[in-house]
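Biologist: Hi! Could you walk me through this model?
Modeller: Happy to, let me put it on screen.

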Amino acid sequence: MTKPRFIFIQDKENRLAAPPRVKYCESFLCRLRGLTFRSPITRDEGLLLVFGRDSRLDSSIHMLGVGFDLAVFWINNEMQVVDKVLAGAWKPAFFPKSPARYVLEIHASRINDFEIGQTVKFQNA
């Protein structure tokens, strides 16, 4: 079994004093499980769902089985935030307004950490 990979998500200007440390989740099973039926996450943790290409359908999410709200950001292949939403617990589906390759799920209190149009970068944890 491979050790989980964790990364930091930071805006291009490095303005976040404490960027979230998230699990890099690229396997089908990891994405399928997501945060379903898990304990609430802390302010400093989260999950980055990684897909093979930019897509609105592939990067859609649901919150069924997730008992807490999340700040969700969709990021495209050019590392630009293309959409964001405060996803409510147990809601059926969320689709990005534009195609995305990455879905960042972090603590709901961090909804203002990233803005649509902003460029982000990934750094190894």
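Biologist: What should I know before we start?
Modeller: This is a predicted model, where local features need pLDDT of at least 70 and side-chain atom pairs count only at pLDDT 80 or more, while totals for chains, interfaces and linings use all residues. Residues are numbered from 1 along each chain as its sequence is written, and side-chain values use heavy atoms, with hydrogens and water left out.

Biologist: Strands, then. Which strands pair with β1?
Modeller: β1 (residues 6-11) pairs with β2 (residues 21-25) in the antiparallel sense over 3 bridges, and with β7 (residues 120-124), also antiparallel, over 5 bridges. Strands here are DSSP E runs of at least two residues, helices are H or I runs of at least four, and both are numbered from the N terminus. Two strands pair if DSSP finds at least two bridges between them.

Biologist: Which residue is the bridge partner of F8?
Modeller: That is R21 in β2. On the β7 side, Q10 stands opposite K121.

Biologist: New topic: which residues in the largest nonpolar core touch the most other members?
Modeller: L49, I61, M63, L70, V72, W74 and V103, out of 19 residues. The elements giving two or more residues to this core are β3 (45-55), β4 (70-75), β5 (81-87) and β6 (100-107). A nonpolar core is a set of buried Ala, Val, Leu, Ile, Met, Phe, Trp, Tyr and Cys residues joined through side-chain atoms within 4.5 Å; buried means under 20% relative accessible area, exposed over 50%, partly exposed in between (1.4 Å probe, protein chains only).

Biologist: What does M63 touch?
Modeller: Leaving aside neighbours within four places in sequence, M63 is in contact (heavy atoms within 4.5 Å) with F68, L70, A87, G88, A89, W90, K91, P92 and F94. There is also a second, separate core of 18 residues, which includes V22, Y24, M79 and Y102.

Biologist: And T36, where does that lie?
Modeller: T36 lies in the loop between α1 (28-33) and β3.

Biologist: Buried or exposed?
Modeller: T36 counts as buried because its relative accessibility is 14%. Not counting residues up to four places away in sequence, T36 touches H62, L64, G65 and V66.

Biologist: Last one: which residues lie nearest the centre of the largest pocket?
Modeller: R31, L32, L49, S60 and H62, among 17 lining residues. α1 supplies the largest share of that lining, 4 residues.

Methods: On a 1 Å grid over the protein atoms alone, a cavity is a set of points where a 1.4 Å probe fits but cannot get out, and a pocket is an open set with protein on both sides within 12 Å along at least five of seven lines; lining residues have an atom within 4 Å of a point.
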